[in-house]
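Here is a friendly walk through one structure, with the cut-offs spelled out along the way. Have a look at it first.

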Amino acid sequence: MARLMIFDDCVRGLDLPEHAIIVGRSKRVDVPIRDRILSRKHCSIIPMESGFSLVDLKSQNGTFVNGSRIEKAELEYDDVIEIGETVIVILDTDSWERGEGLTRLRNPVKAQDLIQRINKKNVPVSGVTDARNGESAGSPAVPAGELLEELVMRRLAKVLARKDPLQGEIAEKVVEKMLSEGWPDEGLDSTRTRVKELLENFVSSQGSRQDGKAADSGSPEEQE
């Protein structure tokens, strides 16, 4: 059975029904998404004879498949859909098997996090009817404290990147390096260890370059 894996402010899975569904910010759509920058009716996923079609419903901020903005697209399994700050993966198995193509995404870090959880079988799954009963489709019973902590850390990271663009550049370099090393196959603990190592290396090299520039410039007296 085809399945959506959704990562908005939490991670959950949703078995796709045999009828078309609407995805958006409204609580009245088939799949409500907790993402403030989505349109109320953002996009639709329509079952076809050979798979599924994704249609953007004239949303304000667009619908993206594997990093490219679309108005309508035929979906393939393991495709990554991005709407607003939300990442969605469509699967026909219990794991993501593509293994490439994430570097072109708008939010590769969040996509990597989702894929790691998928491959570790750590995503609760339910049906689309939950949303019609007044609950968000596939909503897991996650402690509120854990969700709040995750939200706070994510917002702090965004604030840091805005205030200090250099920190954002370092983070992007670490992400690129992790992707080149095949990060989705690593466990969470080893990933954190490797991220710390790379951050220390990049920060250290950045400091060395700045010290070198200062030494090269010198004072006017030294240059004479």
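Met-153 sits in helix α3, which covers residues 144-163; helices (H or I, at least four residues) and strands (E, at least two) are DSSP runs, numbered from the N terminus. With 52% relative accessibility, Met-153 is classed as exposed: the cut-offs are buried under 20% relative accessible area, exposed over 50% and partly exposed in between, with a 1.4 Å probe and protein chains only.

Together with Val-152 and Leu-156, Met-153 makes a nonpolar surface patch of about 290 Å² accessible area. Areas come from the Shrake-Rupley method with a 1.4 Å probe, and for residues only the protein chains shown count as cover.

## About the model

This is a predicted model, where local features need pLDDT of at least 70 and side-chain atom pairs count only at pLDDT 80 or more, while totals for chains, interfaces and linings use all residues. Residues are numbered from 1 along each chain as its sequence is written, and side-chain values use heavy atoms, leaving out hydrogens and water.

## The open sheet

An open, mixed sheet holds five strands in the order β4-β3-β5-β6-β9. Its edges are β4 (31-32) and β9 (72-75), each pairing on one side only; pairing requires at least two DSSP bridges between two strands. β3 (residues 21-24) runs parallel to β4 over two bridges, and Gly-24 has Pro-32 of β4 as its bridge partner.

Technical notes:
Patch = residues over 30% accessible without salt bridge, like charges linked within 9 Å, V, L, I, M, F, W, Y side chains within 5 Å. Salt bridge = Lys/Arg side-chain N within 4 Å of Asp/Glu carboxyl O.
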